[in-house]
Structures are given as C-alpha cells and as structure tokens.
Amino acid sequence: MSDYQTIVIGAGPAGSAVAYPLAAKQCVLVIERDLFGGTCPNRGCDPKKMLYSAIETKLLANHMQGFGLSGEPQINWPDLMAFKRAYTSQIPVGTQRGLTSAGITTIHDAPTFIDAHTLQIAGEKVTTDNIVIATGQTPRALDISGHQWAKTSTDFLDLDQLPNRITFIGGGYISFELANIAAVAGAKVTLIHHNDRPLKAFPQDLVDALINQMTAIGIDVKLETTPTEIQQSSGHFTVQTSNGAIESDLVINATGRIPNLAGLNLSDIGVLTDEHGIQVNDHLKTTVENVYAIGDVVSRREPKLTPVAGFEGAYVAQSILGSTTAPIHYPVIPTIVFGTEKLAQVGVSVNTALAQPDVYTVEHLDVTHWYTYNRIKDPTAQALVVKDAAHNVVGIASLSSVADELINTFVDQLTPTGSPIYAYPTPASDLSYFA
C-alpha cells in the first residue's frame with residue numbers, strides 16, 4: 001500500500017485547491033519548498049494590490065480635484081509597505097496551519113521524483129497513488145552582461161524605501177503595474193520594451209491610451225528599446241540599450257516567467273515539458289498516467305492566473321475522486337492590468353474580432369460622458385464591444401477606473417451555467433467564499 005493516496009507538490013492557490021477537497025476522502029500530503037501560500041499571496045497579485053490600493057485612491061482623488069475635493073493625498077511608502085507586510089507576513093504560517101487543520105500532512109522541503117509513484121523528500125522515500133504538480137513559475141533571468149544587478153518584482157514588492165529612479169525592463173503586466181505604482185508614489189520611472197507592441201494580448205487602441213496616461217504622469221515609456229548591459233557604480237546603475245543609456249537607482253527585470261521545474265527530475269520518469277511548462281492532456285494529466293499538473297507550471301494557452309489555477313485544482317480533485325470523467329472545460333477568463341487606470345477584457349478578444357471581420361464587429365465607445373464615469377470624473381474611460389453576426393455581445397475590453405467591476409458583470413453574462421472565473425483580486429472573486 002502507498003504512504004499517501006495523493007501527493008501535491010506546491011502549496012499555492014492551485015495546490016490548495018486540489019488538496020482540500022481530496023482531504024475529505026483521502027490521505028493527502030502537500031510539499032512546499034518555498035513559501036506556503038505560493039507566489040500570489042506572498043509576492044504576487046495580493047501584495048501588489050495592497051500597494052495599488054493607495055495608488056488607486058490617489059489617482060481617484062486627483063480626478064476629483066475641483067469637483068468637491070481640494071488637496072491631493074501623498075503616498076507614504078514606508079507606511080504603505082508596513083500595511084502590505086502586515087498581510088503577507090501571516091500567509092505562510094496561516095496557509096500551512098489551514099492545511100494541517102484539514103487533516104493534510106505538510107512537509108517543507110524540495111522533492112525529487114524517483115519513479116511515477118515515489119518521491120524522495122528530506123532523504124526519505126514516500127509512495128503515492130497520484131501526484132499533482134503545482135509548482136508555479138519563477139522570474140526569467142536577463143541574458144545580458146550585468147544581469148546580476150537587476151532585481152525582480154519580488155524585490156520591488158518588499159522595498160523599505162522607494163528609490164528616486166527606477167527602470168523597468170519588459171512590456172507585460174508586471175512592468176506596467178509596478179511602473180505605475182512606483183511613479184504615482186513619487187519615483188522617476190522609465191519602462192523599456194524591446195518591440196513596439198507591449199501588452200500585445202490587449203487591443204492596441206486601449207494600450208496606446210494607457211501609455212498616454214503613463215506618459216502624462218511622468219513615466220518615460222521607451223518602445224523598440226533593447227537592453228544590452230547593466231553597469232554598476234557606487235550603488236547606482238546604468239542600463240545600456242539600443243537607444244542610449246538610462247541612469248537608475250534600481251533596475252527591475254520583468255521580462256517574463258518560466259516554469260518552476262528545477263530538481264523534480266521529470267524527464268527521467270517520462271513527463272514531457274516544453275519552454276512553457278509541463279505538457280498535459282484535456283484531463284490535466286501529464287504523459288505519465290497518474291501524474292497531473294495544474295496552475296502556472298502547465299503549458300497551455302489559457303492565461304496563467306490565480307483563479308484559473310484554482311479552477312484547475314478543483315477539477316483535478318473531482319477527477320481523482322471519480323466524480324467527473326469529462327475533460328476540463330474553461331469558462332470565459334477575464335484578464336486585467338491594474339495601471340493608472342484598469343485595462344481589462346473578457347470573452348472574444350478585440351484582436352480576434354479584428355482578424356475575423358466577416359464574423360465579428362467591434363464598436364469603440366467613449367463613455368466619459370456616461371453617468372457612471374462622469375460621477376467619478378474618469379477622464380479617458382472607454383470600451384471596445386465585440387458583437388457576433390446576430391449582434392450579441394460576445395466580448396468586451398475596457399480602460400477605466402472601474403473596468404474590473406464592468407468586466408466581472410460581463411463574466412456573469414457570458415457564463416450562463418457552471419462556475420464563473422472572475423478577475424482577481426476583486427470583490428466578485430470572493431463570491432465562492434460565501435457559499
């Protein structure tokens with residue numbers, strides 16, 4: 001007999017989502033080699049949104065100057081960081097305690113596969129019927145000279161003091177969100193991206209509008225700019241690029257993330273991987289029958305987001321327990337960038353619609369004069385609405401202060417049955433906890 005019926009490798013949102021329902025009927029072990037709770041609550045979306053709360057408040061207050069408010073609030077970075085740390089400091093212990101209270105065994109160590117049913121942990125071998133890999137991702141290193149001087153989003157989200165000058169390398173969610181936080185908090189910010197199309201999954205018009213907002217608050221956005229070297233001198237840095245040098249007190253590498261697979265020994269047991277992660281079928285099984293993979297470590301086209309990881313964890317738990325044999329079916333998945341304003345989309349994307357004009361139409365709406373946006377003096381609120389041939393709304397993208405609320409409303413409309421996936425973290429993403 002096996003030591004455990006299921007072993008879960010990774011105690012983040014994906015691992016927890018599969019472990020809890022299994023624990024009611026199985027003997028379950030959860031192994032975590034880093035922080036219990038995973039990236040999102042410890043050093044990802046949750047602490048980012050904690051910092052963004054003050055940034056968002058300041059931006060909204062700026063919009064209302066002369067409309068009942070006078071005097072702009074100022075960001076106190078040490079106070080804001082203390083606010084964030086008061087939350088994150090409780091996550092690892094709280095997560096591990098929650099798992100243990102549910103009857104789940106936990107181990108804080110790095111496992112290695114011996115075979116498809118055996119793991120080596122802390123010098124001991126443990127056996128299991130099923131293994132679920134939920135190890136997430138880790139920042140991708142820069143491949144340039146002086147890369148060791150670049151810090152990551154993890155470092156930014158735990159800064160004691162905000163440096164005067166910060167350079168962000170990369171044109172994805174992380175760069176845009178953290179650059180806006182830093183700039184509104186008072187830093188002189190430069191963002192560089194190697195081509196002319198950052199945030200390429202979003203509509204070009206809305207990305208351009210967001211960049212214009214960022215430029216208006218003093219962020220220097222340099223597109224088609226490739227970093228070639230980082231030089232250090234007396235605690236300051238020079239980022240050499242294809243378009244000249246940038247002086248900085250802190251350089252943040254946000255050029256993407258890679259699957260966290262180090263030390264697992266997957267190739268020796270026949271689990272196939274690629275540059276995007278572990279290959280799985282439509283039941284989230286790897287190329288080894290009893291080994292599953294879920295969350296950000298998976299190679300799939302769906303966005304690598306916390307609620308998607310939780311959705312997959314719940315599905316695999318049902319699959320292991322035999323309560324479903326159907327392949328996984330994803331509902332519509334909203335995506336959001338928390339910037340100077342929120343950039344969000346759900347359903348059929350504008351990019352897809354523009355590529356298929358015989359199937360879809362796209363309507364561009366300036367909604368600044370609508371009551372909802374006029375009430376909060378949202379200066380550039382706009383939306384792109386995708387409709388099918390029957391004039392049904394099948395997708396929407398929005399740039400506004402309340403795009404997260406709008407997008408979640410459309411999630412409900414576009415998910416008439418089943419379990420919806422809401423933008424996270426938002427009030428709607430808490431709905432499942434009320435059940």
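Biologist: At what angle do helix α1 and helix α10 pack?

Modeller: The model is predicted: local features need pLDDT of at least 70, side-chain atom pairs count only at pLDDT 80 or more, and totals for chains, interfaces and linings use all residues. Residues are numbered from 1 along each chain as its sequence is written, and side-chain values use heavy atoms, without hydrogens or water. Helices (DSSP H or I, at least four residues) and strands (E, at least two) are numbered from the N terminus. With axes (lines fitted to C-alpha atoms over the stretch in contact; angles run from 0 to 180 degrees between N-to-C directions) 7 Å apart, α1 (13-23) and α10 (306-321) pack at about 30°.

Biologist: Are α1 and α10 roughly parallel or roughly antiparallel?

Modeller: Their angle is about 30°. Under 35 degrees counts as roughly parallel, over 145 as roughly antiparallel, 65 to 115 as roughly perpendicular, and the rest as oblique. The pair is therefore roughly parallel.

Biologist: Which residues of α10 make the contact with α1?

Modeller: Contact means heavy atoms within 4.5 Å. From α1 come P13, A14, A17, V18, P21 and L22. From α10 come T306, A309, G310, G313, A314, V316, A317, I320 and L321.

Biologist: How many charged residues does that contact have?

Modeller: It has 12 nonpolar and three polar residues. Gly counts as polar here, and Asp, Glu, Lys and Arg as charged. The number of charged residues is none: no charged residues.

Biologist: Why is one side of β11 and of β13 left without a neighbour in the sheet?

Modeller: The open sheet has three strands in the order β11-β12-β13, paired antiparallel. Pairing needs at least two DSSP bridges. β11 (227-233) and β13 (244-248) stand at the edges, so each has a single partner strand.

Biologist: By how much are neighbouring strands of this sheet turned against each other?

Modeller: The value is an average, with direction ignored. Neighbouring strands are turned by 20°.

Biologist: Which residue of the β11 and β12 hairpin takes a positive phi?

Modeller: The two strands pair antiparallel over six bridges. Q232 stands opposite F237, and S233 opposite H236. Two residues lie between the strands, and the one with phi near 55° is S234.

Biologist: Which residue of β20 is the bridge partner of T335?

Modeller: A three-residue hairpin joins β19 to β20, and four bridges link these antiparallel strands. In β19 (335-338), T335 and V337 point one way, I336 and F338 the other, and all are buried (under 20% relative accessible area, 1.4 Å probe, protein chains only). The partner of T335 is Q345.

How values were computed: Buried < 20%, exposed > 50% of the residue type's maximum accessible area, 1.4 Å probe, protein only.
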